[in-house]
Amino acid sequence: MSKKTPKLRPLPLARSRCIFNENPDFSEVHAAVCHHILSSQGRDPERASPRDIYKSLAYTMRDQLVERWITTQQSYYKSKRKRVYYLSLEFLIGRSLGNSLINLDLEDEAAVALEELGFSLEDIREEEADAALGNGGLGRLAACFMDSMATLGIPAYGYGIRYEYGLFYQRIIDGHQAESPDNWLRYGTPWEFERPQYLHPVNFYGRVNTWYDADGRMHKAWEDTEEVMAMACDLLVPGYRNGQVLNMRLWTARASREFDLGFFNRGNYITAVEEKVRSETISKVLYPSDELREGQELRLKQQYFFVAATFQDIFRRFDKSGEPCENLGDLVAVQLNDTHPAIAIPELMRLFVDLRGMDWDTAWRVCVAVFGYTNHTLMPEALETWPVDLMGRVLPRHLEIIFEINRRFLLEVAERFPDDPDRIRRMSLISEDGVKKVRMAHLAVIGSHSINGVAALHTHLMRTRIFADFAAMFPERFNNKTNGITPRRWLLKCNPQLAALICDHIGDGWITDLEKVRGIEPLADDPGFRERWRAVKAENKKKLVTHIERHCDIRIDPESLFDVQVKRIHEYKRQMLNILHVICLYHRLLADPGLEVPKRTVIFAGKAAPSYWAAKQIIRLITGVAAVVNADRRIGDRLRVVFVPNYGVSLAEKIIPAADLSEQISTASTEASGTGNMKFAINGALTIGTLDGANIEIREAVGADNIFIFGLTAEEVERERLEKTLPPAEICRRNPEIGEVVAAIRGDVFSGRNPGLFQALVDSLMNPDDPYLVLRDLEEYLLCQERVGRLFFDQDEWSRRAILNVARCGRFSSDRTIREYARDIWGVKTFSEEKK
């Protein structure tokens, strides 16, 4: 350029024009951003769009991350530390820019640099699309764990799939959920590094050839397979201001050949690229529908695809150590995040026995030493199974290995429990009830040295119900690791004003040691602190009001009680219970206009799986109730109902800091843990919930007076399902108010012009066999909500209890969870422990 624009500064020369000195000022950030506007975006800085600025700032941060990542990786090789491989089909990371700025301690410098360019950092953050690499709590937990592993200096990697499309983009049209492709990569992402040098073949289908050598030893070869290539894409995860950077290695599918030249030259252009299209479908979309056999097959292929590529990568690193394969467990720990990666167990056995010549017994011993399995569900129907014929066609050698694992295991069961033939049927890896299926959870249990639940109740029920037979056989393998959340994203980033208020009074040590937030507990009795606390909450609520007005076209009162339930839509999470309370409250306000209750805004958000009809009907009921209530001038703004579409991490970061009341109302014994409950609590919302999942431990932590608990316990739920002591019809007869709520739904009050729209939901509510016991818990829920309303009138006391919630939730940091995994399961040390 012969002439520089006025805002360009001389580019720094230290090491690289884009790598900062140890304590950079805003001018270095400014210069690096301008450099990337020119070199990465090919734009004139004076004509750069907000998206250009976002990408240029993101590339600037990536430059800082990659230098630290290289240093981190070099330290692993030098120290020969044992490494952790976290396998997850989901990583719900949300946006990366804000998190990177905070963890690199460059937020202030970036804000000033952008101001000089005529942009605000807050606006530029909104240019980033949420990375659509997950769906719900499973993926968000994995993302929190990666943040904690980086912050603690655990030598770890996350492995998954780089989905081109997320679950779906949700819109609400005429009250119904409408799904469209979530093309989060429409404009590319500046955060990833494609690694074509790490391109691994992954095989499917084919046949198994068996032969015997001269010594009579049997050999197996998987032949005549179809081959797909897995290419690595790395996303970098910074620790909090410690110089440590980890990477998630996500696999994208590539065809083994781009197109068939013979077909192409004959003019058959579609057939020429058919293999490429079919191969690359594997990483196209998160969770293809499994209603059809084709969808089932694609999901199985996705799971094996990322597992097979991952183990080739693991052995690429391990082989550099020069250690024999028998020592793999000394240098490698693999954590299976739920059953999705469980196919890794027969894959490792195949690599050991077929390709590396290891005997079966040694291979199995090493295999069990390597794997740990985290279970995330208590519902038997959610424990993954695969039809035997499907597994045999897609992965024939793996099915053989599973059969052999099962044969040997059942011999052991029969020896341990000789007088219990039914136990063999229950514990078998193969379900013989109807269509033969492989039980992947059973495979994960017997192939892992550690099986952990994610909350105390969940682990207890796992031991005593779904895996009781296995716990009797391997009691030492079962353990609890209560989930946690990263305070960097879920307080420091999403609620900066509250974080600043806490730091002003107790310092910032809590950011990496959340137990230190206990220091604000005495301030709960300080009227001045409570007033400042309420001012922060009021400001967060105003921001959410603006978002809702802009995106939902609904005006709400920021001084009303924000009653929030945001999570995946599912019958067991009981959004139905919540909307039944809304209808009841609506009826009360109509019957008694002078009723003394606080203004209330009930906020829902969440996605229903496209094939989950009942969940989609629940969304339609919520929007139907909202249409009636919000339009009724008789109650004005005393009650508002909002369904905020397309729930994801970034939307959660707006909603959670503004919430007054957190709805955690699943049927007891159905929620494994939940982490939304923790996010709300650490942001000062009070919880209304059942004794389910981590709610129990939250109550223990914050105190029974600082949480609203109702409903049947897990034991009472089990008994009620069997004995049906109070069927729904009897509940409606005894409590006319509940009967009127059900009658209003049945009577099409909320159906618009679609008579009978909600009849199936009513039938489900009134079914004596309703597994979620919605009406059974409703009366107590209504009474509990009355207590909520009375307390909300006393804002000073509400604030005091909210402060105590935050002060006493230090145990729910994912840093604590990861320390426990590292100590009890993986056998690795944190960075600080390693230096001692």
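I looked up Asp224 and found it in the loop between strand 7 (218-223) and strand 8 (226-238); strands (E, at least two residues) and helices (H or I, at least four) are DSSP runs, numbered from the N terminus. Asp224 has a positive phi of about 55° although it is not a glycine. Its relative accessible area is 56%, so Asp224 is exposed (over 50%; buried is under 20%, partly exposed in between, with a 1.4 Å probe and protein chains only).

I note that this is a predicted model, where local features need pLDDT of at least 70, side-chain atom pairs count only at pLDDT 80 or more, and totals for chains, interfaces and linings use all residues. Residues are numbered from 1 along each chain as its sequence is written, and side-chain values use heavy atoms, without hydrogens and water.

I then checked Asp105, in the loop between helix 3 (97-103) and helix 4 (107-116). Asp105 is not a glycine, yet has a positive phi of about 60°. Asp105 counts as partly exposed, at 44% relative accessibility.

I searched for cavities (sets of points on a 1 Å grid over the protein atoms alone where a 1.4 Å probe fits but cannot get out; lining residues have an atom within 4 Å of a point). The structure holds 2 cavities of 30 Å³ or more, a volume being the space filled by probe spheres set on the points, which are joined across faces, edges and corners.

I read about 40 Å³ for the largest cavity. Its lining residues include Lys567, Glu671 and Asp692.

I read about 40 Å³ for the second largest cavity. Helix 22 (residues 527-552) gives the most to its lining, with 4 residues. Trp533 and Lys537 are among the lining residues of this second largest cavity.

Notes: 1 Å grid on protein atoms, 1.4 Å probe; cavity = no way out; pocket = protein on both sides within 12 Å on 5 of 7 lines; lining within 4 Å.
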